[in-house]
Amino acid sequence: MRNFRLPFFLLLLVNLQSFAQEEPAETFSIKGKLEDGDKNPVLFANVALYSAKDSTLSGGIASDDKGFFEFPAAPGNYFLKITYLTLDEKIVPNVNVASQNLDLGIISLKSNSKVLEEVLVRGEKSQMELQLDKRVFNVGKDLSNIGSNASDILNNMPSVTVDVEGNVALRGSQNVRILIDGKQSGMIGLNPAEALRQIPGDLIESIEIITNPSSRYDAEGEVGILNIVMKKNIRYGLNGSFTATGGYPANFGGSFNLNYRRKKVNLIANYGLMYREGPGRGNSRQEYNSADTSFVYEQKTARTRSGTSNNFMVGLDYFLNNFNTITATVSYRKSMNNNRSQLDYMDYDFNNVLTQTVTRTERETEPRTNIEAALNYEKKFDKKGQSLTFNSKYIISDETESSRYHEFSNLDPAGIMQRAFNTEDERTFLAQLDYIQPIGKDGKIEAGLKTSIRLLDNDFSVHQQDERMDWIILDQYDNRFAYDEKIHAGYVMASNQFGKVFLQAGLRGEYSDITTELKKTDERNHRGYFNLFPSVHMSYKLQDAQTVQLSYSYRLSRPNFRDLLPFSNFSDSRVFRAGNPLLNPEFTHSFEAGHLLNMPKGSLLSSIYYRHRLGVVENITSVDSTGFTTVTPVNLSTGDSYGFEFNLTYDPAPWWKLTGNANIFRAINEGFYNDKVLKSDTYSWTSRFSSRLTLFKSVDFQSSFNYRAPRRTTQGRDLAIYFIDLGFSKDILKGKATVTASVRDLLNSQKRRSIVENAGYYSRSEFQWRARQFLVTFAYRLNRSKEKERMDNKGGEGEED
């Protein structure tokens with residue numbers, strides 16, 4: 001805990017000083033009432049008090065539900081600034097506080113019809129927003145995202161691909177960091193692919209794609225960061241949304257997102273319940289030929305993954321005053337998966353004569369529990385942009401996989417019975433302190449400290465029944481794996497604008513202290529290393545409609561828990577995926593240049609990038625003479641990736657919106673394994689094109705096409721994947737509700753197809769994780785019509801001050 005003494009001491013010192021400054025010995029009240037031109041009270045308008053001497057913010061409050069306001073002030077000369085979304089700004093001069101309370105009476109505000117008209121015409125929030133070091137995509141406007149989960153939404157993002165097993169990749173690399181609300185989260189857990197399927201898409205506000213993160217972010221993630229921003233309103237009064245979904249194959253769910261704001265308190269709550277069944281199928285063929293043995297077998301797979309998940313979150317924002325805010329949230333997720341699969345193996349000789357048929361069935365239960373508690377504090381100062389924030393989080397995650405297997409053949413109908421147990425427990429504590437100091441008109445300096453402590457415990461064993469029906473442990477699949485990770489970091493970053501040029505540069509230092517231990521075999525491995533990670537960002541405004549961006553960052557990718565785990569699931573008795581406790585982290589130099597062109601009817605963002613990677617981790621497939629296949633990750637090679645990417649939005653007409661994105665790249669990897677050179681040089685690309693038509697003002701129709709070109713790997717190649725999504729929506733109940741119908745993977749073509757070729761070995765496989773899906777979704781907005789939401793998106797920031 002010594003690591004936290006300095007941050008807590010600084011936090012306490014600043015608070016004592018700020019409270020001493022903000023609470024003078026003698027204060028008096030300023031009060032009044034706000035009315036519009038029709039004598040109606042103006043609810044929840046911003047009333048800010050400024051010093052007449054130097055125009056510094058001295059206090060303020062929001063008017064209540066009857067239009068009244070009252071707040072304390074020290075003796076002095078002031079003026080009031082009153083702002084409200086659809087009313088003209090009001091300045092009240094000569095507010096002089098002497099030796100008694102001051103009643104300003106009724107203050108009348110005039111309607112601003114120009115602002116209102118502008119909001120109604122231009123108020124829809126754009127789907128993509130470009131910021132200096134990230135792209136922000138507002139997911140609600142994409143019909144293919146409605147009624148989906150986090151995995152589906154990510155699969156619709158430009159530059160992002162999600163394979164049929166749920167593994168997420170950014171620009172072709174799976175070494176991507178996934179965050180929730182900008183922070184590490186137990187919601188992602190030890191199995192991100194499965195966890196993302198459990199997060200209802202109705203609770204997601206936006207996705208941030210950060211391909212070259214600045215120094216304020218963790219250095220983790222070779223190719224960048226994907227940040228999932230959850231919904232959270234801070235509008236006054238009670239508002240929210242309710243969503244219900246039904247689909248085939250079975251996909252049922254409901255969610256709500258509520259917010260209540262009154263004066264100093266903002267309460268938030270959201271809940272999502274989801275039940276899904278995902279039928280999947282696959283087939284493969286394996287051929288092995290050596291001097292002493294040969295075999296051929298084909299495999300057919302039928303799998304159904306079903307499960308229920310509950311996601312619940314409650315939170316509280318407490319505004320101590322205009323300068324200090326405390327936020328506390330607690331989230332809870334409980335899920336239960338029930339999975340069934342059947343694998344059929346057909347063994348052939350090299351004359352293609354069937355010699356044996358083997359069937360293996362699996363029944364698996366998979367309960368998960370995740371609890372997170374977060375406490376955050378934000379301190380603002382008189383100087384605009386100056387702030388101090390402290391964030392802390394504690395995560396508890398527990399998961400247990402329990403499976404039963406029965407394997408039999410036409411030669412041995414009784415076969416064998418097996419069972420496997422895999423418990424994964426996680427405890428994580430995070431603490432972070434950040435400070436921003438404005439410099440001059442447009443500059444600022446940022447600095448921060450962070451500590452992360454993560455403890456994982458995994459107990460794995462496989463049992464098999466003997467002739468007496470007793471369960472015997474298979475020693476080669478029995479161990480207990482402990483993972484102890486401590487990461488301490490600090491950063492400093494400066495930025496400023498010089499005419500049309502904006503510069504930002506930072507340096508982050510991270511010390512990693514990681515210990516892994518196989519307790520039953522007493523194998524211990526410790527790694528401790530310190531690294532510096534610089535980042536540089538520059539943007540230049542060529543014209544009002546054009547901006548150029550340049551950036552560089554140095555990053556690392558630590559092996560994830562499952563890559564280190566020397567045992568995995570036992571579903572396929574002939575293919576075993578094992579981790580490698582001796583893996584080292586990857587390091588990456590990343591360069592990127594981008595150009596943004598804003599046009600009257602759209603925008604075009606184009607980028608070129610280059611990444612140089614050291615210690616690249618790749619999965620190596622090896623086969624023994626009995627046909628047993630092992631897939632293991634190793635630090636195989638160095639890698640170079642070059643790419644060109646574009647994102648286009650174009651509106652041919654007010655009722656027609658087109659979007660398109662493509663990532664065209666070349667990837668070169670080369671390394672040595674078992675005295676052999678393994679290398680690949682591939683050209684490939686991914687793309688997505690979407691068209692949305694608005695008919696009769698309240699009916700939307702959207703179609704999208706996704707394509708991933710073939711690519712080579714160090715041991716073979718992955719074949720192309722393509723799929724089409726359609727969506728239709730209509731507003732009802734005077735814009736307060738929307739009904740959406742959609743079909744995902746219209747042609748039932750989203751299948752992973754791959755080929756592995758080594759000396760004397762050939763493998764071909766095809767697998768579909770989930771079949772074509774039909775969905776119907778009903779969404780209702782409480783105290784928030786769609787038109788009102790558009791107004792808030794355009795001009796409602798004042799309500800949150």
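Good morning. A residue is called buried when its relative accessible area is under 20%. By that criterion, 51% of the 801 residues in this chain count as buried. Please keep in mind that what we are viewing is a predicted model.

I shall begin with the chain as a whole. The chain contains six helices and 41 strands. Its accessible surface comes to about 36900 Å², and carbon and sulfur atoms account for 55% of that area. If we take the contacts in the chain with a separation of 6 or more, 65% of them join residues 24 or more positions apart.

Which residues have the most contacts inside the largest nonpolar core? They are V462, Y477, F481, Y483 and F567, in a core of 26 residues. Two or more residues of this core come from each of the following elements: β23 (443-465), β24 (471-498), β25 (501-518), β26 (523-543), β27 (546-557) and α5 (561-564). Strand β24 supplies the largest share, namely four residues.

F567 deserves a moment of its own. Setting aside neighbours within four places in sequence, F567 is in contact with N458, F460, N479, F481, L518, F576, R577 and G579. There is also a second, separate core, which has 23 residues; I153, V162, V176 and M230 are among them.

My next residue is G506, which lies in strand β25. Is G506 buried or exposed? Its relative accessibility is 10%, and the limit for buried is under 20%, so G506 counts as buried. Which residues surround it in the model? Beyond its neighbours within four places in sequence, G506 is in contact with S215, V492, M493, F533, P534 and S535. As for Y491, this residue is 15 residues away from G506 along the chain, and the two C-alpha atoms are separated by 7.2 Å.

Thank you for your attention.

Notes
Residues are numbered from 1 along each chain as its sequence is written. This is a predicted model: local features need pLDDT of at least 70, side-chain atom pairs count only at pLDDT 80 or more; totals for chains, interfaces and linings use all residues. Side-chain values use heavy atoms; hydrogens and water are left out. A nonpolar core is a set of buried Ala, Val, Leu, Ile, Met, Phe, Trp, Tyr and Cys residues joined through side-chain atoms within 4.5 Å. Buried means under 20% relative accessible area, exposed over 50%, partly exposed in between (1.4 Å probe, protein chains only). Contact means heavy atoms within 4.5 Å. Accessible areas come from the Shrake-Rupley method with a 1.4 Å probe; for residues, only the protein chains shown count as cover.
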